[in-house]
Every structure is written in structure tokens, then in C-alpha cells.
Amino acid sequence: MNEIEGEVEAIAQAFYDAQKNARGWLREPEVLKEPSRRDGRAVIAGLERHRTPVISKVLVVEDEQDIRDLAVFYLREAGFRVITATNGDEAVELLESGEAPDVLFTDIRMPGQVDGSAVAKAYRARFPDMPVLYGTNYAHEAATVPGATIFPKPYKMSHVVSFLSELKN
């Protein structure tokens, strides 16, 4: 490796190392494996095209304890970290306290002042590119956020886990 290639690789590796510890990187971008790159700026600019969302922590917002417990069980068994809220008010408090889930999985109709649609909007305000999933009977009544995925009740948690595993990979 000549001096220029070594410098480019060092710049790219430093940038990757900094980003790897930040939210939003799952695996090493292919661009880092291209030894023929000669311009460090091109390598760094090209990294954004190879960004893959990290999907590891799921916020489950569900007022029905049995459904919430089942979701938590399946998601943890699949290797996800799970945080829960029993209603929309609690979910918004978690988000406002700095909690940073990678995915929101929420019911729509819940007791309290905040419904699942409002939780999704608050989540998307903080994390505009992250996935939102609804598990509900009332999707037709709610204003869902763009790009959300709806699992009509009664849904199979195995379908939700499969969907999230596909996002993860």
C-alpha cells in the first residue's frame, strides 16, 4: 500500500470508528473495503450511501398487559432489547427523558391523554428515519405516520419479529 492509499484508509477508518459508536451504523460500509480509493473526501462522502439503520432496541407501547408481555417475550427471544410503556403518556415521557429506541411498536387506542398516533408523531419528530409499527384494530381511524407498517390485531408476534429481523439484516 502506498502512502496516499494508507492515508485515505486511515481517514476512512477514523470516520467509521467515530460513526460506529454513534447511532445509525450496523456493519462496515463496503466502500471501506475498496483499496483503490485515492481521495479521502470521496471515501467519507460515499459512506452515507452505505449507512444501514441499527435495529436493536424496540419501544413497545401497549395498554393490554398480556399482549405487551407476549411482545416483550418474542422480541427478547429474537435478540432485541425492549423497553415498554403501558400507554401513550408514558411513552412520550420516555422519549422526552432521552430514551432512544430504534423502532416504535405501538397500539393506537390506549387510555390516557396521548394515543398511539401522537406517540408515533413524537417519535418521528426525534427520529425521522426510524421504523414505526402499529399493532392495532384501529389503523383505519388513525392518522399514521408516513412509511409506518401496520399489523392488524390479532397479529402473530412471529410476523412482527420476522419483519424486524429483516430490517436488522
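Glu99 is partly exposed, with a relative accessible area of 22% (buried means under 20% relative accessible area, exposed over 50%, and partly exposed in between, with a 1.4 Å probe and protein chains only). The side chain of Glu99 meets that of Lys57 in a salt bridge, at 2.8 Å from N to O (a salt bridge is a side-chain nitrogen of Lys or Arg within 4 Å of a carboxyl oxygen of Asp or Glu). This is a predicted model, in which local features need pLDDT of at least 70 and side-chain atom pairs count only at pLDDT 80 or more, while totals for chains, interfaces and linings use all residues. Residues are numbered from 1 along each chain as its sequence is written, and side-chain values use heavy atoms, with hydrogens and water left out.

**Salt bridges**

- A search of the whole structure finds 4 salt bridges.
- Lys57 lies in strand 1 and Glu99 in the loop between helix 4 and strand 3, so their pair ties together parts that are 42 residues apart in sequence. Helices (H or I, at least four residues) and strands (E, at least two) are DSSP runs, numbered from the N terminus.
- Lys57 counts as buried, at 14% relative accessibility.
- Glu64 and Lys153 meet through their side chains in a salt bridge of 3.7 Å, N to O. Glu64 lies in the loop between strand 1 and helix 3 and Lys153 in the loop between strand 5 and helix 6, so the pair ties together parts that are 89 residues apart in sequence.
- Glu64 counts as partly exposed at 39% relative accessibility, whereas Lys153 is buried, with a relative accessible area of 15%.
- Lys153 also meets Asp107 in a salt bridge, at 3.2 Å from N to O. This pair links distant parts of the chain, 46 residues apart, with Asp107 in the loop between strand 3 and helix 5 and Lys153 in the loop between strand 5 and helix 6.
- Both Asp107 and Lys153 are buried.
- A network of salt bridges links Glu62, Glu64, Asp107 and Lys153.

**The loop between strand 5 and helix 6**

- The peptide bond from Lys153 to Pro154 is cis, with omega near 0°.
- Pro154 lies in the loop between strand 5 and helix 6.

**Aromatic pairs**

- The count comes to 4 aromatic pairs (rings of Phe, Tyr and Trp, the last by its six-membered ring, pair if their centres lie within 6.5 Å; planes under 30 degrees apart count as stacked, over 60 as edge-to-face and the rest as tilted).
- The rings of Phe73 and Tyr74 have centres 5.9 Å apart and planes at 90°, so this pair is edge-to-face.
- Phe105 and Tyr155 form another edge-to-face pair, with 5.6 Å centre to centre and 70° between the planes. Phe105 lies in strand 3 (residues 103-106) and Tyr155 in the loop between strand 5 (149-152) and helix 6 (157-168), so the pair ties together parts that are 50 residues apart in sequence.
- Phe105 and Tyr155 are both buried.

**Nonpolar core**

- The largest nonpolar core has 36 residues, and those with the most contacts inside it are Leu75 and Phe105 (a nonpolar core is a set of buried Ala, Val, Leu, Ile, Met, Phe, Trp, Tyr and Cys residues joined through side-chain atoms within 4.5 Å).
- Among the elements that give two or more residues to this core are strand 1 (57-61), strand 2 (81-85), helix 4 (88-96) and helix 5 (116-126).
- Not counting residues up to four places away in sequence, Leu75 touches Val58, Val60, Phe80, Val82, Met157, Val161 and Leu164 (contact means heavy atoms within 4.5 Å).

**Surface**

- Leu70, Phe73 and Tyr74 form a nonpolar patch on the surface, with about 300 Å² of accessible area together. Patches are made of residues with over 30% relative accessible area and no salt bridge, with like charges joined within 9 Å and nonpolar side chains (Val, Leu, Ile, Met, Phe, Trp, Tyr) within 5 Å. Accessible areas come from the Shrake-Rupley method with a 1.4 Å probe; for residues, only the protein chains shown count as cover.
- Leu70, which is found in helix 3 (residues 65-77), is partly exposed at 44%.
- Phe73 is partly exposed at 49%, and Tyr74 is partly exposed at 35%.
- His140 is exposed, with a relative accessible area of 66%, and is placed in the loop between strand 4 and strand 5.

**Overall architecture**

- The protein has 6 helices and 5 strands, and its elements run α-α-β-α-β-α-β-α-β-β-α from the N terminus on.
- Of its 169 residues, 41% count as buried.
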